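Dear colleague,

Please find below the structure that I am handing over to you. My notes on what was found in it follow directly after.

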Amino acid sequence: MSRDFRLSKSKIMAGVQCRRRLWLETHRRDLARVSPASEHIFRMGHLFGERARPLMGQGELIGHVLDVGKAIAETRVALKQASDRGSMVYEAAFSHRNVVARADGFAPYAGGWHMTEVKAANAVKDYFYQDCAIQAWVAEGAGYPVHKVTLACIESRFVYPGGGDYDGLLRCIDVTAEVDRRKAAVDDIVEDLRAVMSRGEPQIAAGSHCSSPYACPFMAHCGAHAADTRWVSRRSAHHATVGSPPALAYPRHFLWLEAIASPVPMWSGTRPYQRIPVQWSCLTETQPGTFIHRAFLDSFDAPSKDDFTRTLIDALGYDGAVIVATSVERAGLNALCESVPERRAELKALMRRLVYPTPGARMAHDVADAARCIEVTNSESAQRAWWEAASSATDRERRHRLADDLLCYGRQQTLSLHEAFSAHDARPSTD
Ligand code: SF4
């Protein structure tokens, strides 16, 4: 006989992905190892969810993140008021058959309710329907018939005009029919999963399901290998470049940029998930063996395209080749052209000075300076560090530590680029 374990929407989704995962979530949570990539995806979802709320209309936000009982009680009152006023309730909490779920948005609609689920994604994925079906099943079981279900995703064509105006960022898709079709199966799924939780650990072998649709936090326990490639460093191909270096005059500028991507664009003229540069590091060799290093790390609170552009143009001046390792720098400069049109001509002139090392100029910086920069040792960890520092949950001391690491990493990148370039430059020509 199955015990009446409490379930949540995310536990059911975990169980649908893999029954062993659900069992481990319930009985051996201590074995979970949440990957930095998963944490980052969660952070982006949270960021987008917060921005989406004001776009969905006036409403009351239900708190009590850790106390579902209080959240459910508060939801009852809020829904009564929303029904009278025709307003929205955010994070509405429900319970049915000891399954709890929270709806991102819940509002009165056609004698019933309209449920909205927010997803920081450009396209609808199949598991979103399942997610909504579980939520609607719980809300209906709690006495709130769901007559319409909407997915609020990212409108990828949205271009941020600036000034906090995000009107148009959401793409709302009516998924009522598909969710209704799947709702009927939720009863059986819940029963089946409770049976799984009541028995011993299922012996399910690791496989492709361990990474899809979510990276499972029990991969180490099961001996699975992470297949989540979303965070593979885009700088892993530093040696894949073009051309031979011309005999360059001095000054020579060795430039490196780091960029971040956000579902909520931060600079005017940019789109969701478009990479925007937030840090640069430049090593200028004014004459053989004489160097000046300059760097800029954008504010974590409010990245400023103007400060970034001004300091970069000042550092690079108006002459000398700008040596870069990959196309990331060109893409970053292009983004600046869109966002800072008044400096477009200078940025375009700067782009004409870009020079790439040859295929032989291989860089090994992603690992070489790990000891010196402590936590930031590659592009992936640099982006994570930036987001962690930008979080309001990060304390001052930690923020300073991360900033130091980011600057250290940037400096090492330019030193490494110079080293790689010079090694090639010094080689006798075989032409
Ligand atoms: S690692 Fe794979 S097999 Fe193990 S619990 Fe997770 S999804 Fe299941």
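The second largest cavity is lined by Ile-260, Ser-262, Pro-265, Met-266, Trp-267, Thr-270, Arg-271, Gln-274 and Ile-276. Its volume is about 40 Å³, and its lining has five nonpolar, three polar and one charged residues. A cavity here is a set of points, on a 1 Å grid over the protein atoms alone, where a 1.4 Å probe fits but cannot get out; lining residues have an atom within 4 Å of a point. Grid points are joined across faces, edges and corners, and a volume is the space filled by probe spheres set on the points. Ala, Val, Leu, Ile, Met, Phe, Trp, Tyr, Cys and Pro count as nonpolar, Asp, Glu, Lys and Arg as charged, and the others, Gly among them, as polar.

Please note that this is a predicted model, in which local features need pLDDT of at least 70 and side-chain atom pairs count only at pLDDT 80 or more, while totals for chains, interfaces and linings use all residues. Residues are numbered from 1 along each chain as its sequence is written, and side-chain values use heavy atoms, with hydrogens and water left out.

The structure holds three cavities of 30 Å³ or more. The largest cavity contains about 110 Å³ of space and has 15 lining residues, with Cys-18, His-209, Cys-210, Cys-216 and Cys-222 nearest its centre. Helix 2 and helix 8 are the elements that each give two or more residues to this lining, and helix 2 contributes the most, with three. (Helices, H or I with at least four residues, and strands, E with at least two, are DSSP runs numbered from the N terminus.) The lining divides into eleven nonpolar, two polar and two charged residues.

The ligand sits in this largest cavity, in the sense that more than half of its atoms lie within 2 Å of the grid points. There are 13 residues around the ligand, of which Cys-18, Arg-21, Cys-210, Cys-216 and Cys-222 come nearest; a residue counts as near if one of its heavy atoms lies within 4 Å. Helix 2 (19-27) and helix 8 (219-222) each give two or more residues to the shell. By class, the shell has ten nonpolar, one polar and two charged residues.

As to the cysteines, the count of disulfides (pairs of cysteine sulfur atoms within 2.5 Å) is zero. The sulfur of Cys-172 is too far for a bond, because the closest cysteine sulfur, in Cys-153, is 8.4 Å away. Cys-172 counts as exposed, at 51% relative accessibility, whereas Cys-210 counts as buried, at 7%. Buried means under 20% relative accessible area, exposed over 50%, and partly exposed in between, with a 1.4 Å probe and protein chains only.

The backbone also deserves a note. A cis peptide bond joins Ser-212 and Pro-213, with omega about 5 degrees, and Pro-213 is in the loop between helix 7 (186-198) and helix 8. The bond from Tyr-250 to Pro-251 is also cis, with omega near 5 degrees; Pro-251 is in the loop between helix 8 and strand 8 (252-261). His-64, not a glycine, has a positive phi of about 55 degrees and counts as partly exposed at 33% relative accessibility. Asn-98 has a positive phi near 60 degrees, in the loop between strand 3 (88-96) and strand 4 (99-109).

With kind regards

Key. 1 Å grid on protein atoms, 1.4 Å probe; cavity = no way out; pocket = protein on both sides within 12 Å on 5 of 7 lines; lining within 4 Å.
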